[in-house]
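The exercises below are meant to be worked through with the sequence and the coordinates side by side.

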Amino acid sequence: MNIGIDIGGSGIKGALVDLTTGEFASERLRIATPKDSTPENCADVIARIVRKLAPHASDLHIGITVPAPVVHGRIPMIANLDQGWHDLQGDEFLADRLGHPITLLNDADAAGIGEVYYGAAKGTPGIIVLTTLGTGIGSAVINNGQLLPNTEFGHIEVDGQDAESRASAGVRERENLTYPQWAKRLDRYYQALERTLWPDLFVVGGGVSKNHEQFLPLLHLKTPIIPAALRNRAGIVGAAWAAVNG
Ligand code: BGC
């Protein structure tokens, strides 16, 4: 049985995933991320979700995403969860707590896998750059189906500032930016990515991508840019895929 779990700053989400279609094979469960988002507290929430999704299963493949880079299962830095995650060998910690083998990966990498294998970029050859616009900015780079993990392009410097601190969807809300005002910042951001990567396609994920008509047409790029198709399913689907295909 394949389970994908997506740990975010505000919610921990999970579902059973049918990997032949990329569809959910259960409802999507969501529990608010504990205020004190330590690894222990998050693991307890994940255990509740897993028990509910698969009360009797013993042969579980569980993929879990975190909003941080994951280097051979270890989390070298983390911005939007408790610092207890910092430097943690996260895969071993969670496997221990949950009693199942775990594949741990970056949330945007998981979303990228989801969109390339099952979603908006399915069947598109070449270099796909997926960005997730949420509390932060996540990135995934996939070349002909092969993921280059942990690219962290939300943290490139644009106009002298960390890109995420200017152009994330969270910043748009905090600063009450209109879509045209925000699009100016996004334009600078995607142009910087374009100049350095020359991708074949940009895919834009994150909750705000459902409003893509408000900002994608305002961008001036040479590269085609399209909204994600799986929306809030992408991370869970990609995590489940990674648990099996590694
Ligand atoms: C983190 C990334 C993550 C992104 C989206 C950034 O702040 O550094 O690892 O993918 O937020 O959650």
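## Exercise 1: the largest pocket

Task: in this predicted model, determine which helices and strands each supply at least two residues of the lining of the largest pocket, and then describe that lining by residue class.

Solution. Begin with the secondary structure: the elements that each supply at least two lining residues are the strands β1 (2-7), β2 (11-18), β7 (127-133) and β8 (137-143), together with the helices α3 (107-118), α5 (169-174) and α7 (234-245). Next, take the lining as a whole, which consists of 49 residues, with Lys13, Gly134, Thr135, Gly206 and Gly207 lying nearest the centre of the pocket. Dividing the lining by class then gives 17 nonpolar, 20 polar and 12 charged residues. Finally, the volume of this pocket comes to about 1200 Å³.

## Exercise 2: the second largest pocket

Solution. The volume of the pocket is about 440 Å³. Its lining comprises 23 residues, and the closest to its centre are Leu104, Leu105, Leu147, Pro149 and Gly246.

## Exercise 3: the surroundings of the ligand

Task: identify the residues closest to the ligand, and find the distances from its oxygen atoms to polar atoms of Ala68, Glu152 and His155.

Solution. Start from the 13 residues that surround the ligand, of which Asn106, Asp107, Glu152, His155 and Glu164 are the closest. Then examine the side chains: a polar atom in that of Glu152 is 2.5 Å from a ligand oxygen, while an N or O atom in that of His155 lies 2.8 Å from an oxygen atom of the ligand. For Ala68, by contrast, the polar atom belongs to the backbone, and its distance from a ligand oxygen is 3.3 Å.

## Exercise 4: helix α6

Task: compare the span of helix α6 with the expected value, and state what follows the helix.

Solution. The helix covers residues 179-197, and its 19 residues reach 26 Å from the first C-alpha to the last, which is close to the 27 Å expected at 1.5 Å a residue. Turning to burial, one finds that the buried residues of α6 include Trp182, Leu186, Tyr189, Tyr190 and Leu193, and also Arg185, Asp187 and Glu194. Beyond the helix comes Trp198, with a positive phi near 45 degrees.

Conventions:
Residues are numbered from 1 along each chain as its sequence is written. This is a predicted model: local features need pLDDT of at least 70, side-chain atom pairs count only at pLDDT 80 or more; totals for chains, interfaces and linings use all residues. Side-chain values use heavy atoms; hydrogens and water are left out. Helices (H or I, at least four residues) and strands (E, at least two) are DSSP runs, numbered from the N terminus. The expected span of a helix is 1.5 Å times one less than its number of residues. Buried means under 20% relative accessible area, exposed over 50%, partly exposed in between (1.4 Å probe, protein chains only). On a 1 Å grid over the protein atoms alone, a cavity is a set of points where a 1.4 Å probe fits but cannot get out, and a pocket is an open set with protein on both sides within 12 Å along at least five of seven lines; lining residues have an atom within 4 Å of a point. Grid points are joined across faces, edges and corners, and a volume is the space filled by probe spheres set on the points. Ala, Val, Leu, Ile, Met, Phe, Trp, Tyr, Cys and Pro count as nonpolar, Asp, Glu, Lys and Arg as charged, and the others, Gly among them, as polar. A residue is near a molecule or strand if one of its heavy atoms lies within 4 Å of it. A polar contact is a pair of N or O atoms within 3.5 Å; within protein, one must be able to donate a hydrogen and the other to accept it, and residues adjacent in sequence count only if both atoms are side-chain atoms.
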